[in-house]
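Biologist: I am new to this structure. Could you take me through it step by step?
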Amino acid sequence: MDFKKELYSRFERYVKINTQSKEESKTCPSTPGQLKLAKLAAGEMKKIGLKNVVMDRFGYVMASLPSNAAHKVPVIGFLAHLDTSPEVSGENVRPQVHKNYNGKDIVISRKDKIVLSPKTCPQLLECAGHDIITASGGTLLGADNKAGIAIVLTAMEWLIKNPGVKRGAVKIALTPDEEIGRGVDNFNVKKFGAEYAYTVDGDVAGVVEKETFNADSVAIKIKGRNYHPGLAKNLMLNAVRIAADIMSSWPENMLPETTERREGYVLFLTCSAAVEEAALKGIVREHDLGKLKKLERHLEAIVAAKKLKYPGAEIHVEFKKQYRNMKEVIDKRPEVMEHLLSAIKSQGLEPKIKPVRGGTDGARLSFMGLPTPNIFTGGYNFHGKYEWVSLDGMEKSCRTLVALAQEWEKNSGKL
Ligand SMILES: [Zn+2]
């Protein structure tokens with residue numbers, strides 16, 4: 001099989017369907033384009049010979065590849081998501097291939113002056129000699145996560161065409177609305193039937209992710225006291241100013257715009273304020289749960305200080321749990337990572353384990369009982385006009401999935 005040819009022809013079909021998800025929508029999937037892609041992919045799954053291909057009304061597509069192993073092998077699953085980011089248009093995406101990348105700037109659109117440069121995206125330098133796919137300006141590419149769908153289906157097709165290669169049963173699933181945080185809202189782990197799973201939704205070749213943020217939301221409510229400004233001396237408690245005071249007291253080195261890697265932050269998302277009343281909403285993020293709690297204690301201490309500074313004002317702070325770091329679950333079942341790392345090494349790649357500064361569908365699945373780390377797709381700069389994917393990286397990902405299915409078969413006798 002010519003992996004690159006297969007991968008590209010699938011990828012090209014998928015990116016032509018606009019599947020941007022939509023936060024404001026109340027339905028699942030949030031947009032009809034996702035159902036269109038789900039239907040197309042389900043048809044292709046049947047055509048290549050996958051079994052039990054089912055698409056439900058929410059747009060979830062599930063299918064299975066029965067085991068051909070002589071002994072019992074744990075069932076593994078591969079997942080990819082149907083939607084693309086709502087942030088940048090996904091309408092009329094025109095992919096272009098920049099063959100045999102020479103390490104210099106890539107002009108995505110001369111007209112719109114969109115130039116992809118290794119100066120701002122050094123990950124490109126790892127891809128010298130690769131075929132790089134970008135959009136053509138005005139839209140995102142949709143490699144996140146249509147590269148993932150193309151990779152999973154191509155890997156399954158290869159396994160079906162090579163029955164001599166032994167592996168256990170493999171389940172696959174396509175999910176809607178990942179980009180708006182609802183990817184597993186209607187996902188039935190039991191029905192899926194895998195014991196371990198992998199999302200194929202990561203970035204450049206070799207990168208795997210098994211760690212997400214711990215995430216809480218924060219809401220601060222402030223009640224001030226309004227007086228006629230002419231008579232306000234020693235009486236007025238201006239909630240607008242108190243809100244601003246709280247926000248500006250938060251350390252500047254603990255914000256999303258000043259942190260990276262494993263550093264946590266508080267992000268104030270919205271502030272609605274009048275003299276009488278104000279409300280702040282935000283999020284707290286940290287990989288380490290203990291440190292997350294420390295950030296929260298720090299914010300509480302700031303609020304306590306403001307209560308002393310503005311006696312009479314009521315200030316109330318509340319944190320709510322959003323999701324937790326999947327590392328906690330994955331570390332308890334280390335085989336899910338061990339086999340993945342061996343599979344990546346078997347492709348001549350050095351695995352790079354990177355913490356995600358966000359959540360993944362895998363984080364929620366892990367806490368639903370299905371440990372689910374994330375595997376690279378070969379792409380980068382997701383969610384924007386500079387998005388790109390290396391076709392060679394996609395091939396590496398695809399071959400990694402094939403090798404991973406065999407790793408589980410090889411090692412299951414010893415479990
Ligand atoms: Zn994604």
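Biologist: To start with, is Lys-221 buried or exposed?

Modeller: Lys-221 is exposed, because its relative accessible area is 56%. Buried means under 20% relative accessible area, exposed over 50%, and partly exposed in between, with a 1.4 Å probe and protein chains only. Please note that this is a predicted model, in which local features need pLDDT of at least 70 and side-chain atom pairs count only at pLDDT 80 or more, while totals for chains, interfaces and linings use all residues. Residues are numbered from 1 along each chain as its sequence is written, and side-chain values use heavy atoms, leaving out hydrogens and water.

Biologist: Where does Lys-221 lie?

Modeller: Lys-221 is part of strand 11, residues 214–223. Helices (H or I, at least four residues) and strands (E, at least two) are DSSP runs, numbered from the N terminus.

Biologist: On to salt bridges: how many does the count come to?

Modeller: The count comes to 25 salt bridges, each being a side-chain nitrogen of Lys or Arg within 4 Å of a carboxyl oxygen of Asp or Glu.

Biologist: Which residue forms a salt bridge with Lys-210?

Modeller: Asp-331 does, with the closest N and O atoms 3.1 Å apart. Lys-210 is in strand 10 (residues 207–211) and Asp-331 in the loop between helix 7 (327–330) and helix 8 (335–346), so the pair ties together parts that are 121 residues apart in sequence. Lys-210 counts as buried at 17% relative accessibility, whereas Asp-331 is partly exposed at 37%.

Biologist: And what does Asp-216 pair with?

Modeller: Asp-216 forms a salt bridge with Lys-293, the closest N and O atoms being 3.7 Å apart. Because Asp-216 lies in strand 11 and Lys-293 in helix 6 (residues 289–309), this pair ties together parts 77 residues apart in sequence. Asp-216 is buried, at 2% relative accessibility, while Lys-293 is partly exposed, at 32%.

Biologist: Changing topic, how many aromatic pairs are there?

Modeller: The count comes to 6 aromatic pairs. Rings of Phe, Tyr and Trp (its six-membered ring) pair if their centres lie within 6.5 Å; planes under 30 degrees apart count as stacked, over 60 as edge-to-face and the rest as tilted. One of the pairs is Tyr-60 with Phe-187, tilted, at 6.0 Å centre to centre and 55° between the planes.

Biologist: Are Tyr-60 and Phe-187 buried or exposed?

Modeller: Both Tyr-60 and Phe-187 are buried. Ring pairs also link Tyr-60, Phe-187 and Phe-192 into a cluster.
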